[in-house]
Amino acid sequence: QVQLVESGGGLVQAGDSLRLSCAASRTSSNYIMGWFRQAPGKEREFVASITWSGDNTYYADSVKGRFTISRDNAKNTGYLQMNSLKREDTAIYYCAVRSSGTIYLFQLRSSRSYDYWGQGTQVTVSS
């Protein structure tokens, strides 16, 4: 089991920045951490992912160039730096971990590819 705890959400204005954190109870070099978000009335959507060992990152087109995913091995913590926030970024943001198994890149976009989930943190962007 892996417990994930997100933090860092809040209410900001359009154009502002936020950094979300995801503290994991344990990690392993074969883990992949992903960030997803879910806006009211919409399905959960992929935001970004990172391999725990190789720093390979993958982003949704909607956030590419504005968001940066990273991780700190020593702290067992992943981060999502969000810059130039837009109203459409408003959502509950969830971190997730895939703990094992080979996967195609496109499969990282699916929430079904992840084994463990955090409780989510609310991000609200006002205009």
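Reader: What pattern does the protein chain follow, read along the sequence?
Author: The pattern is β-β-β-β-β-β-β-β-β-β-β, with zero helices and eleven strands. Helices (H or I, at least four residues) and strands (E, at least two) are DSSP runs, numbered from the N terminus. This is a predicted model, where local features need pLDDT of at least 70 and side-chain atom pairs count only at pLDDT 80 or more, while totals for chains, interfaces and linings use all residues. Residues are numbered from 1 along each chain as its sequence is written, and side-chain values use heavy atoms, leaving out hydrogens and water.

Reader: How many disulfides turn up in a search of the whole structure?
Author: One, taking a disulfide as a pair of cysteine sulfur atoms within 2.5 Å. Cys-22 and Cys-95 form it, with their sulfur atoms 2.0 Å apart.

Reader: Which strands hold Cys-22 and Cys-95?
Author: Cys-22 is in strand S3 (residues 18-24) and Cys-95 in strand S9 (residues 91-98), so the pair ties together parts 73 residues apart in sequence. The link is right-handed, with 55° about the S-S bond.

Reader: Are Cys-22 and Cys-95 buried or exposed?
Author: Both are buried, meaning under 20% relative accessible area, against over 50% for exposed and in between for partly exposed (1.4 Å probe, protein chains only).

Reader: Switching topic: what does Val-47 contact, neighbours within four places in sequence aside?
Author: Val-47 is in contact with residues including Trp-35, Phe-67, Leu-80 and Tyr-93. Contact means heavy atoms within 4.5 Å.
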